[in-house]
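This briefing is meant for someone meeting the structure for the first time. Please look over the sequence and the model before reading on.

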Amino acid sequence: MSLLEIENLSLAIGNRPILKDIDLTVAPGEVVGLVGESGSGKSMTAMTVMQLLPFTAKAAGSVRFDGINILAATEDQMCALRGDDIGMVFQEPMTALNPVKTIGEQVAEGIRWHTKAGRAEAEDRARKILDRVGLPEARFPLARYPHELSGGQRQRVVIAIACALKPKLLIADEPTTALDVVLQAQILDLLRDLVHENNMGLLLISHDLAVVTEMSDRITIMRHGEVMEAGETARTLSRQVHPYTRQLALASMHVPKRRSFFPLEGEMSPKATEGVASGSKAPGTTEMSRSGHSVAFSPSRGETTPLVSVENVSRLYPGRRTSFFGRGAPIHAVDDVSLDIAPAQSVALVGRSGCGKSTLARMILALDNPSSGAVRFRGETISNRGEAELKPARRDMQVVFQDPYGSFDPRQKVEKLVAEPLHLLETKPSQSERREMVAHALHEVGLGPADLDKYPHEFSGGQRQRLSIARAIITRPRLIVADEPVSALDVSIRAQILDLFADLNGRLGIAYLFITHDLTVARAITDEVLVMHEGRIVERGVTNEILDRPQSEAAQALVAAAPDLHRAIARKIQEQG
Amino acid sequence: MTLQTEIPRENLGSLAAKALRHKSFAAGFLVTLLVAGMAALSFLWTPYDVTRLVISDKLLAPSAVHWFGTDHFGRDVLSMVMIGARNSIAVALVAVGIGLGLGVPLGCWAAARGGLVDEALMRLNDLVFAFPALLSAIMITAIFGPGAINAIIAIGIFNIPVFARVARAGALAIWPREYILAARAAGKSKALITLEHILPNIATLLLVQATIQFALGILAEASLSYVGLGAQPPMPSWGRMLFEAQTRMAQAPWMAIFPGMAIVITVLALNLLGDGVADILDPKSRRRR
């Protein structure tokens with residue numbers, strides 16, 4: 001018998017249809033994965049089960065949970081269910097907790113509300129569940145506030161709140177998307193254990209096919225509010241009957257075609273990289289061609305003067321204030337790091353969140369100054385320099401950020417936004433020249449001149465990331481620092497953007513510093529990898545060698561934790577036959 | 001390769017059309033225009049001369065002859081409300097202007113510089129804030145003498161920290177955004193970034209605050225006049241009219257009702273106007289109200 005039964009569920013908000021004929025079941029002790037790209041209706045399905053929909057939403061069909069008709073349930077009945085029989089884990093651990101309440105209070109809150117337990121008893125149960133999720137009281141007292149915990153620890157608290165009353169069904173909406181791969185693996189393990197222990201049903205929502213494959217017994221693939229395919233995980237993904245399933249799987253494993261930068265040969269035909277590229281072949285062949293490529297690539301670059309050289313750079317942040325006058329020991333965000341990037345070389349800087357990657361990137365971009373050491377760009381020191389002196393260097397290095405929503409001023413039009421770096425040119429282009437240049441840059445990233453007069457909110461996430469890249473290449477820089485440029489994007493969009501990066505690297509000879517915690521990205525488009533851990537670079541070398549045979553502990557942890565669709569499918573096939 | 005880049009730009013006409021379709025903006029704009037028109041008209045013409053006292057006509061109830069009735073000196077209340085509008089609007093407008101003109105740059109500067117500059121400016125701000133505004137305004141007018149100009153200055157000074165604080169808070173929230181980082185990577189100076197990115201993004205915030213301060217300015221002027229430190233007789237002001245009406249509330253309620261209504265309507269209209277402008281300036285707003 002199923003715990004959750006969704007039949008023919010349709011949902012409309014206002015006049016907009018959101019879901020259409022959704023069928024989904026979750027049995028006790030079963031993990032069901034719900035996969036789809038943004039806007040596919042995954043979260044709305046979950047919200048319907050929780051009845052946390054906007055007021056204007058109208059649902060039709062049937063949703064039964066444990067014999068209760070959810071769609072007909074009153075708000076009082078739902079209040080009794082939520083947090084007791086149905087628990088929910090949200091994506092963003094930074095905002096899912098109340099910053100002014102201690103973690104003990106927040107876990108106990110639900111227990112007291114649902115069981116009418118006294119303060120002491122609820123606290124006792126809170127202590128037990130926090131201990132269970134890996135936050136023992138000895139190290140994490142109940143009186144801690146959320147800001148005193150790291151992202152992964154906060155997500156554990158969120159899970160503790162959701163599981164405190166041993167719910168029959170747990171809904172986890174992108175529970176690990178905001179975490180780095182190592183934390184992701186830990187949180188997934190925890191969820192899996194909790195499911196087994198309590199015989200819970202788990203509805204796991206994710207855009208990451210590899211994560212869902214690893215975790216779930218059955219899988220439901222959604223697109224545009226409809227179920228595309230559903231079934232046993234191993235069978236669904238090994239057969240890939242539905243074209244969309246295949247498309248999604250291909251995009252998840254996508255490796256862009258790369259060509260090295262030879263200005264004479266490089267034909268200048270800008271080819272838009274729309275649609276999910278079909279560049280992905282069997283993994284063995286691509287791997288061989290890529291490793292052959294990078295071996296031929298790196299040594300010849302080593303002899304020329306490096307484009308960027310970072311020499312013994314450290315960055316200290318003052319320690320936390322411990323008393324009115326005293327401060328704790330300073331924090332080494334970046335600790336004695338040296339590295340070189342050759343022209344047209346593509347380097348990945350990988351590491352867990354908080355390891356100092358972004359601080360290092362800011363120093364390379366001269367947006368922050370090192371406490372000691374120096375950063376050189378084309379041989380010239382750019383650390384601790386005034387803006388006027390930095391102008392030539394700034395012209396040749398640009399940046400692409402992670403969040404396609406936060407990286408544009410919402411009040412300006414595309415023309416002005418993309419033209420921003422033109423401020424660095426010695427002679428200011430006229431208005432019509434400027435417009436022409438921006439149109440050109442847009443063309444290069446696969447957008448049209450009609451987009452010039454739009455505002456950023458009129459674009460999708462992937463298109464905004466294209467805009468971001470257009471802004472970065474408009475001055476024809478030699479270096480682009482990309483801070484997690486694809487981690488906020490859907491897999492098919494991600495494949496397109498990776499293609500675009502690879503294409504620009506080949507055509508324009510731009511060197512990249514890719515900051516990422518996602519090893520598939522690093523493998524896809526970089527020649528060399530630097531592994532960073534706690535402010536230091538612990539391993540460096542040719543990308544495929546490091547990722548295939550990591551030596552340092554930090555690199556091994558990253559590689560082991562990285563979700564890999566091939567591996568996950570293979571394992572599922574073994575399990576499920 | 002030439003790309004088709006000639007695209008018609010959004011012109012002022014279409015913005016105006018968008019503005020007039022916005023109901024709360026249109027309503028606010030209309031009423032504000034009416035009040036301003038009334039104040040302007042009072043320079044040329046009022047139904048009666050407010051400096052002439054006609055004791056025989058004192059405390060007449062509203063009628064076809066005196067629409068808003070007469071006061072205890074037999075002056076026409078409608079004429080006084082019209083002239084009073086001048087005073088109230090001028091005081092509030094200039095006071096908001098002083099606050100915006102000085103407070104916003106200070107707040108933006110504090111946010112952009114951070115550190116000691118920020119700390120010093122904000123503590124100075126707190127110092128000004130620590131005094132109840134009205135009390136200090138009374139103090140200033142008491143020192144420099146009562147009168148409309150001194151009232152303006154007194155109210156204006158207390159608008160500075162309000163705007164400085166709002167501008168700083170708004171700017172601080174914008175500074176860590178990635179598009180600011182991108183602008184810095186494009187080599188733009190802090191002043192330029194403030195001008196190009198910070199100000200447009202906190203404009204809504206400031207605008208809303210400005211309408212609130214404008215309303216408070218009218219009230220402050222009324223309060224100052226009420227205690228006899230604002231506009232001096234025989235120059236009527238809404239505040240002083242209320243003051244004079246106070247003792248005759250039961251006898252001649254129209255003396256209080258009409259200037260009171262004028263204040264309420266003006267403040268309401270300005271709030272609607274401010275909301276509307278904020279909506280219209282937001283490129284994301286596709287709402288029609």
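In chain A, β16(A) and strand β17 (residues 479-483) pair in the parallel sense over 4 bridges, where strands pair if DSSP finds at least two bridges between them, and helices (H or I, at least four residues) and strands (E, at least two) are DSSP runs numbered from the N terminus. The model is predicted, so local features need pLDDT of at least 70 and side-chain atom pairs count only at pLDDT 80 or more, while totals for chains, interfaces and linings use all residues. Residues are numbered from 1 along each chain as its sequence is written, and chains are lettered from A and ligands numbered from 1 in the order in which they are written.

**The sheet**
- The bridge partner of A:Met397 in β17(A) is A:Leu479.
- An open sheet of 6 strands with mixed pairing runs in the order β16-β17-β18-β13-β19-β20 (chain A).
- Because β16 (397-400) and β20 (536-542) of chain A each have a single partner strand, they stand at the edges, and one side of each is left without a neighbour in the sheet.

**Helix α11(A)**
- Helix α11 (residues 357-364) of chain A has 7 of its 8 residues buried, a residue being buried if 20 or more other C-beta atoms, placed from the backbone, lie within 10 Å of its own.
- Among the buried residues of α11(A) are A:Lys357, A:Leu360 and A:Arg362.
- Just after α11(A), A:Ala366 takes a positive phi of about 60°.

**Between the chains**
- In all, 22 residues of chain B are in contact with 32 residues of chain A, contact meaning that C-beta atoms, placed from the backbone, lie within 7 Å.
- On the side of chain B that touches chain A, the largest share, 7 residues, comes from α7(B).

Definitions and conventions. Two residues are in contact if their C-beta atoms, placed from the backbone, lie within 7 Å. A residue is buried if 20 or more other C-beta atoms lie within 10 Å of its own, exposed if 12 or fewer, and partly exposed in between; C-beta atoms are placed from the backbone.
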